[in-house]
Amino acid sequence: MLSINDTESLLSKISSEITDSNLGYFSKPFRCKHEGRELMIKKYLPVKDLALINTITANHNEYIRELKATGIKVPDTLIEVQKDKKGYQIIIIQEAFRKDELFRDKVEKAGDTDIISLCSLILDETIRFISNRKDPAGIGFHPTLRNYALHEGELWYFDTFPPMLMRQNELNKVIIRMSPFGRIIKPLIPVKFINLVSNEYYNFEKMFTGIVGSLCRLRPELSSAVLAFSKEYITNSRCSFQEKNNILKKLESPPHLPGIWTFFRRLSGNEGKPNI
């Protein structure tokens with residue numbers, strides 16, 4: 001169980017560190033060594049609404065328990081709240097994976113055979129979640145490439161923010177409120193419009209095609225093989241006829257990234273190179 005005795009000391013170590021990744025939207029994580037182990041530190045937007053912060057932190061811990069109950073592996077994760085002049089800031093601390101274990105990096109370097117194995121792994125994970133979740137409308141999940149590590153042959157899901165043990169309309173409000181660009185987004189984009197982002201967290205068909213689209217965009221030279229395998233995979237799955245039919249229609253060509261995803265990535269300076 002992850003335990004940090006002196007969070008202040010830990011956070012002081014990352015004040016001058018370079019971020020470990022630019023792929024995050026809500027936070028750019030730091031990697032640091034502490035008491036003989038590597039940790040990932042994620043700092044989020046400070047807000048003055050303590051009730052909101054308390055709701056998010058409580059939801060976060062329950063969300064991890066629910067993910068684990070569906071069979072999803074999550075690394076040891078600690079969530080804390082620090083108060084400063086700007087308000088209350090959520091800090092998430094996790095045990096780190098090696099950079100060569102990050103799933104997205106493995107996809108970038110995979111050969112013809114390996115790309116199919118990786119595709120199968122993450123689709124299996126998505127089916128596992130969908131099959132085992134208790135309340136489809138009450139829990140979201142984002143099984144995209146950058147949210148995983150492949151450690152000792154098993155997938156580990158490490159993106160726990162925002163926690164999604166809530167209905168989609170509630171999550172949309174959290175997304176806007178905790179966005180580093182919330183002041184820009186709120187007057188321009190209605191809350192319901194955020195559905196174009198969060199649909200992929202609740203709708204299996206969009207989860208599936210989102211994964212396939214990411215694989216195709218990241219490795220366009222292997223997109224034909226990925227599409228062929230994905231069609232065979234969904235055809236042989238236990239999904240409903242309607243789900244299979246809808247997904248197969250969307251796999252006639254590599255699925256495109258929705259425009260709002262592109263907007264948010266460019267807004268945050270994260271273009272996900274080359275996955276855009």
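**Entry 1: F229 and helix α9**

I began with F229, which lies in helix α9. I note at the outset that the model is predicted. Is F229 buried or exposed? Its relative accessibility is 17%, and because buried means under 20%, F229 counts as buried. I then listed the contacts of F229, leaving aside neighbours within four places in sequence, and found I116, C119, S120 and L123. I also looked up a C-alpha to C-alpha distance: F229 and S117 are 9.9 Å apart in space, although 112 residues separate them in sequence.

I next took helix α9 as a whole. Helix α9 covers residues 223-235, which is 13 residues. From its first C-alpha to its last it reaches 18 Å, close to the 18 Å expected at 1.5 Å a residue. I recorded S223, V226, L227, F229, S230, Y233 and I234 as the buried residues in α9. An α-helix has 3.6 residues a turn, so residues three or four places apart point the same way. Which elements cover the buried residues of α9? The cover includes α4, α8 and α10.

**Entry 2: F208 and the nonpolar cores**

I turned to the largest nonpolar core, which has 60 residues. Which of these residues touch the most other members? I found F103, F141 and F208. Helix α8 gives the most to this core, with eight residues. Apart from this core lies another, of seven residues, including F30, C32, I41 and L78.

I then followed F208 further. Leaving aside neighbours within four places in sequence, F208 is in contact with L123, S230, Y233, I234, I247 and L251.

**Entry 3: α8 against α10**

Two packed helices are described by the angle between their axes and the distance between the axes. I looked up both for helix α8 (residues 204-218) and helix α10 (residues 241-250): the axes come within 10 Å and cross at roughly 35°. The crossing of α8 and α10 is right-handed. Which residues meet there? From α8 I noted F204, E205, F208 and T209, and from α10 Q242, E243, N246, I247 and K250. The residues of this contact divide into three nonpolar, three polar and three charged.

**Entry 4: helix α2**

Helix α2 (residues 50-69) has 20 residues. I read a reach of 29 Å from its first C-alpha to its last, close to the 28 Å expected at 1.5 Å a residue. The buried residues in α2 are L52, I53, I56, T57, N59, H60, Y63, I64 and L67. What covers them? I found that the cover includes the strands β3 (77-84), β4 (87-95) and β6 (154-157), together with the helices α4 (112-132) and α5 (168-178).

D124 lies in helix α4. I recorded a relative accessibility of 30% for D124; buried means under 20% and exposed over 50%, so D124 counts as partly exposed. The C-alpha atoms of D124 and S237 are separated by 9.8 Å, and the two residues are 113 residues apart along the chain.

I placed Y201 in helix α7 (residues 195-202). At 8% relative accessibility, Y201 counts as buried.

**Entry 5: backbone exceptions**

Most residues other than glycine have a negative phi, and most peptide bonds are trans. I looked for departures from this pattern. E152 is not a glycine, yet has a positive phi of about 50°. Where is E152 found? I located E152 in the loop between β5 (148-151) and β6. Its relative accessibility is 70%, so E152 counts as exposed.

A cis peptide bond joins F161 and P162, with omega about -5°. P162 has its place in the loop between β6 and α5.

**Entry 6: the whole chain**

I closed with the totals. The chain has eleven helices and six strands. Of its 276 residues, buried residues make up 51%. How much of the contact total with a separation of 6 or more comes from residues 24 or more positions apart? I recorded 68%.

Terms used: Residues are numbered from 1 along each chain as its sequence is written. This is a predicted model: local features need pLDDT of at least 70, side-chain atom pairs count only at pLDDT 80 or more; totals for chains, interfaces and linings use all residues. Side-chain values use heavy atoms; hydrogens and water are left out. Axes are lines fitted to C-alpha atoms, for helices over the stretch in contact, and angles run from 0 to 180 degrees between N-to-C directions. Helices (H or I, at least four residues) and strands (E, at least two) are DSSP runs, numbered from the N terminus. A crossing is left-handed if the near helix is turned anticlockwise from the far one by less than a right angle, and right-handed if clockwise. Contact means heavy atoms within 4.5 Å. Ala, Val, Leu, Ile, Met, Phe, Trp, Tyr, Cys and Pro count as nonpolar, Asp, Glu, Lys and Arg as charged, and the others, Gly among them, as polar. A nonpolar core is a set of buried Ala, Val, Leu, Ile, Met, Phe, Trp, Tyr and Cys residues joined through side-chain atoms within 4.5 Å. Buried means under 20% relative accessible area, exposed over 50%, partly exposed in between (1.4 Å probe, protein chains only). The expected span of a helix is 1.5 Å times one less than its number of residues.
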